[in-house]
Amino acid sequence: GNEHAADSLFNMWDSAYHALMSQARESKVRYSIITEKLTGSTWYVAGGKSSVGRLIKDADGLYAWSDDEHSGSLAMSFESVLDKAGDADVWIFNDGGQQPYSYKQLRAEYHGYLSLKPFRTKRVYCVNSSIVPYFEEVSFRPDYLLADYIMLLHPDLPRRPLRYYRALTD
């Protein structure tokens with residue numbers, strides 16, 4: 001019995017999402033991005049047709065797996081990720097730990113991370129899903145996540161605070 005209210009909310013969110021996409025396309029700078037990190041000996045990157053792949057596309061970012069047809073994750077070795085996306089400008093991943101993630105932790109987890117350009121240039125961002133309501137919100141408000149992606153991928157656009165992602169500490 002709330003169809004009108006539901007339609008109104010959807011239209012508001014849809015308009016916000018498309019306005020953000022337009023803003024991203026006005027940018028003169030397009031960064032490339034790499035997602036996630038090693039889990040054991042496997043790096044699960046987002047497929048090109050996954051929700052994350054679609055968000056990167058809508059944010060007008062460059063993504064090494066954008067042409068991939070998978071809607072889920074791709075299991076890769078570190079060497080494959082390094083070869084295909086090691087020169088990405090930005091690196092993002094999720095973590096559910098109790099403390100903010102640091103470069104020191106990444107170094108301790110896997111020394112190979114030092115080979116990644118975003119590690120060396122200090123452009124690594126983590127969403128701590130135990131602290132921020134990432135999983136609770138992004139399914140219903142993809143415009144919130146899109147806004148974060150745009151801020152990370154287009155440094156020439158007017159700045160606004162990131163909702164989910166935080167730069168790693170030293």
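Visitor: Where is E36 found?
Guide: E36 sits in a loop, and the loop's ends are named by element. Helices (H or I, at least four residues) and strands (E, at least two) are DSSP runs, numbered from the N terminus. The model is predicted: local features need pLDDT of at least 70, side-chain atom pairs count only at pLDDT 80 or more, and totals for chains, interfaces and linings use all residues. E36 lies between strand 1 and strand 2 (38-39).

Visitor: What is the relative accessible area of E36?
Guide: Residues are numbered from 1 along each chain as its sequence is written, and side-chain values use heavy atoms, leaving out hydrogens and water. Buried means under 20% relative accessible area, exposed over 50%, and partly exposed in between (1.4 Å probe, protein chains only). E36 is partly exposed, at 25%.

Visitor: What is the phi of D60, in the loop between helix 2 and strand 4?
Guide: Most residues other than glycine have a negative phi. D60 is not a glycine, yet its phi is positive. The value is about 60°.

Visitor: Is D60 buried or exposed?
Guide: The relative accessible area of D60 is 15%. D60 is therefore buried.

Visitor: How are helix 1 and helix 2 oriented to each other?
Guide: Helix 1 (residues 3-25) packs against helix 2 (residues 51-58) at about 55°, with the axes 9 Å apart. Angles under 35 degrees count as roughly parallel, over 145 as roughly antiparallel, 65 to 115 as roughly perpendicular and the rest as oblique. The two helices, helix 1 and helix 2, are therefore oblique.

Terms used. Axes are lines fitted to C-alpha atoms, for helices over the stretch in contact, and angles run from 0 to 180 degrees between N-to-C directions.
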